[in-house]
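Hello,

Here is the structure for you to look over. My notes on what was found in it follow below.

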Amino acid sequence: MIVAVDSYLRARDGSQEAAAALNDIVAAVSQGHTSFLGLVEQLGPQLTHSDPFARAKGVGVLSSVLLQCPPERIGQNAVNVLVKFYIERLQDQPSVGELLKGLHAILKLDLVTSPDAEQVARSIFAELNVQTYQQTVRHAAFEIFDLLMRKQLPAVRKFGPSFVSDYVQVMDGEKDPRNLLLAFRTVKLIIGTLDYSNHAEDLFGIVFCYFPITFRPPPDDVYGITAEDLKLALRECISATPLFAKYAMPLLIEKLASISGSAKRDAMETLTACAPVYGADALLPHIFKTADDNNIAAALASVNAITLALSSATVSSSSVKSPLETFLELAVKDSIHNFKDPELKYGKLTGKMLVAAASACDPACHHVVNAVVPPILEQCRMQNLPTRQKHLLEILVDFLKAGQDVYGLTSVSAMDLDDDFLNPILSYKDRLFELYIAATAAASEYMPLRRTGIRGLAALLMSRQLLAGQEVEMAINQLNQAIVTDPDPEVRNEAIQALVTFATAKPEVVLATTFPALFHELPEGAGPQDATHVAGILKAILALSATGGLHTRGLQGLLQRLDSVGLVTMFGGSELQYAETLSKTILEIIDEPSLATAPGAAAIDSQDAIPGLAESIIQPVLVKTISASLSEQAVLLIQPRILCVWARILGSVMRVLDATQQQSLLESVIAIFVNDEVERLPGVTRSPQVSFAPLESSTPESQTRLSVLFAAIVCNCRPNVSFGTQDLPAFVDALIVRALRSTDAALAESLAKCAASIINKMKDDAQISAYMQRDIITSLHTAIRDDSPSGHSLRRKSIYICSWIARALIIRSHPAGYQITTEVLRLLDSGEQGTTLPQAGMLCSKAAADAVGIIIHAPEDGSLTRKSFANVKLLHPQRFFGHCVPFLVQGFQHASLVTKNAYLLALSHLLKNVPKAVVSNTLTDLFPLLLFSLSIPDPGLKLATLETLQALLVDSPPAIAPRVSSLIYALLNMAAGPVGAAAGTERDPMNVRIAALKVLGDFPKKFEYAHLFPHKVTVLSRLNVALDDPKRAVRKEASSARNRWYLLLARS
């Protein structure tokens, strides 16, 4: 025995010699050759050795023998002595690992008394900072606590609540997965056996800090611990007690918003595990304790997922309640009393929670609806206050929508769903129908109740299995009545939206009931007495016509009404406004993008719909307008306002035709408008002596007005459409010549657009370059340069036509466009030329400035844009801006006061139509122009400059910072008027004053304190003047700006 002990102490740790010696020692004690206490005596010198590592090795011998010897060979007396020995030595740091190994071995012997077990725990808590030791030592400590909880619970309970707080300290900071599995198991034992209520938050914190588990075992892992093992152990801790609910729920809901799919899944699975333990009374306040809509939505999604997960659980016996029934019973029991006062926050949120549960599955829907809907209906019967009725009916609407989630919508085919599942709301349908009809028709001035009634009818209509036959007709008629008669626009909008939704499912019902009722409200043959009412009806028709399957009927009805009023010769302002509104509604229906993807119906641009559009719109309008122009009757349909809208309608229809269809239509239109072949249009009659030449300036105005229709068709042709002429350049020449001869601005614009569109869509740059050498283009350049008094009129016309041609070239990045632009920009100082006719020179300067706007601005009708198939290159606005700015800056510096405005007007056109980031790159050069533009009386130029400054404040404030002083005083002069201005002095328009105050109010947010503080007193003083502005909107903006300047000190 002595030899074996000496051999072990001399041997190297882990060697075969040490293992053999240890086996001999264990055999000697096990076979009774020596007692355990005798072994302790023999190790005495080693256990008290001055070398700490020698002492640790001696303790290691004892601990190893304890682990391998039978309990009966150690004895109760030895255990008592050993426990005291081990806990007294815990201060010996090098021996701690072996000491804990020995204590763990002793505790496994079942010979430790309760006082000794208590002393073991107290000593570890008092003497050891467990987390400062290596993993093996920490693991031994967690094994000891696990044994104490499982075998020495009475001793642990003597600690009282302090055991929990001490254990939290031991566990705090642990990261090793092997130790965490033990720690989680101990936490679960603590929750199940000890009083932890005073330390619930601490215990929860030390556990939840590991959520979600992101552990990945190393490739060579020999322990076999997986991430799923850790997740399950952690989940069991979190779901072990309802006292964790108030801490866990907000954090779990927050995790649902994580971008990590794994974290979301862990949160859902944990919520599912927690739900039965936490209970509804704990879930409800913590799900909804925040007013944040995103968190509420996430919480409702969690309730839905929990309910769905519980519905799949099985039970061993039919007499045992399923987890789903247990959960829902708790939810209903703890929530039903909230409906007695539905205006309170918990009344609404309780409804939302129960609806989320009901929408999960059929069993949940039956359980919740049958438990909750009857008492709510009873509350509806008892309540007389409209506000409370409204809240109760809103909750019922949500239950109807839950039924839609489970049992489907009206639009779903019966073949797609199982009819064995009946909607539980069917039992309460009659009462619900009565309530919502009554709410919709309520004479109460409380508008929200009527809106809720409409939402309820919409939900009933869209719920499968609920309404049929006369009930559907009654509901639709009630919605129709709301649109036609309700005085509140919000109620009407709600009814329109309800019908639009139902039309996606049953368009034939809306077609048969709603459309006749709406068109009945539109007058025929005369203008309306109530334009506002008609506007509301047209809004409803537009919304419904945007639904697949109804657009054809909507267009037909509107065209019929337009026919009834469009051909009258005696009309006033109301008829003209009515016809224009009808025409704009037709345009919006045709342009409605949703028609291209409308479910269950042909799109507006489908092959079936295209011929119908061309036949029902283009041909009839040409027949009617041409007939009216030939008769020279002043019918309403050929008034400029109406023709302008119809030009856009024809353009929209042209854009949905394919090349073949466009080719056929274009040939007819050219033959009619250019060659006077009106016989191509059946139904057009004229006197033999009357010709149709709308593109000639010598013809009556009633004909030239129709040039906008010609331009709409020509400008929206596809590039591969032929114009049916052998000499296309000659055709373009003829258009330009007609434009030059025209004295009608609309005719000149139409012809110039047509010529520019054709040039833009020429096949290649070589063809364009060849055309730009033709005589007509040379004559335009010559006219532009002619500053003689007799040539001013032709000069302005040439500038105008050249601007459209330049746009056609610049958007496709052709160099000839920039050559024209340069020539036009040189005319900005024309106001200083032609002293015999200074006014004519000023007009040429303005025409040149306006030409910049034509080139850079995309026309509202879509011509010369991608929408009309024009050849448009990327970044053309930026290139054009870069081309113009140097010329404008240099010209402005040398211009007189007379012509500076022309340069600023050209600049305003640029600022309105280019990205503001482009402006910031040239701000140093442009700033003098911008500052000067704020002092001239042109409101449009001021607004363009202020919008540019506001954008620059967002994108590049440092570029403006050095110029703040100059800007502040210019802005104050616009916002509050010049200093010392006399009473009655004309002020800038309201929108200019508001824009100036917005820019001024942004300065404290964008610039450093040092830049602004010298001006603070002056700004606050001048803003006091703006606070007395007669316009409320100006006063509001002035107050906001002044508050920001008052707080300027805070930035120091």
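**The cavity**

Phe211, Pro212, Ile213, Lys231, Leu234, Arg235, Asp266 and Thr270 line the largest cavity. This is a predicted model, in which local features need pLDDT of at least 70, side-chain atom pairs count only at pLDDT 80 or more, and totals for chains, interfaces and linings use all residues. Residues are numbered from 1 along each chain as its sequence is written, and side-chain values use heavy atoms, with hydrogens and water left out.

A cavity here is a set of points, on a 1 Å grid over the protein atoms alone, where a 1.4 Å probe fits but cannot get out; lining residues have an atom within 4 Å of a point. The volume of the largest cavity is about 50 Å³. A volume is the space filled by probe spheres set on the points, with grid points joined across faces, edges and corners.

Two helices, α14 (227-238) and α16 (261-278), each give at least two residues to this lining. The most comes from α14, with 3 residues. Helices are DSSP runs (H or I, at least four residues), numbered from the N terminus. By class, the lining holds 4 nonpolar, 1 polar and 3 charged residues. Ala, Val, Leu, Ile, Met, Phe, Trp, Tyr, Cys and Pro count as nonpolar; Asp, Glu, Lys and Arg count as charged; the others, Gly among them, count as polar.

**Salt bridges**

The structure has 37 salt bridges. Each is a side-chain nitrogen of Lys or Arg within 4 Å of a carboxyl oxygen of Asp or Glu. Side chains of opposite charge can pair when their charged atoms come close.

Take Glu98 and Lys101 as one example: their side chains meet in a salt bridge at 3.2 Å, N to O. Both sit in helix α7 (residues 96-107), 3 residues apart, about one turn of the helix. Glu98 is partly exposed at 23% relative accessibility. Lys101 is partly exposed too, at 30%. The cut-offs are under 20% relative accessible area for buried, over 50% for exposed, and in between for partly exposed (1.4 Å probe, protein chains only).

Arg122 pairs with Glu118, with the closest N and O atoms 2.8 Å apart. These two are 4 residues apart in helix α8 (residues 114-127), about one helical turn. Arg122 is partly exposed at 35%, while Glu118 is buried at 16%.

Arg561 and Glu524 form another salt bridge, their closest N and O atoms being 4.0 Å apart. Arg561 lies in helix α29 (residues 551-566) and Glu524 in the loop between α27 (507-519) and α28 (531-545), so the pair ties together parts 37 residues apart in sequence. Arg561 is buried at 10%, but Glu524 is exposed at 55%. There is also a network: shared partners join Lys390, Glu394, Arg451, Arg455, Glu490 and Glu494 through salt bridges.

**Helix α39**

Which residues of α39 (residues 775-785) are buried? They are Ile776, Ile777, Leu780, His781, Ala783 and Ile784. They lie on the same side of α39 because they cover an arc of only 160° around the axis. The arc is taken from the directions from the helix axis to the C-beta atoms. Exposed Asp775 and Arg785 are on the face turned away from that buried side. The cover over the buried residues includes α36 (728-741), α38 (765-771), α40 (792-810) and α41 (815-825). Contact means heavy atoms within 4.5 Å.

Best wishes

Terms used
1 Å grid on protein atoms, 1.4 Å probe; cavity = no way out; pocket = protein on both sides within 12 Å on 5 of 7 lines; lining within 4 Å.
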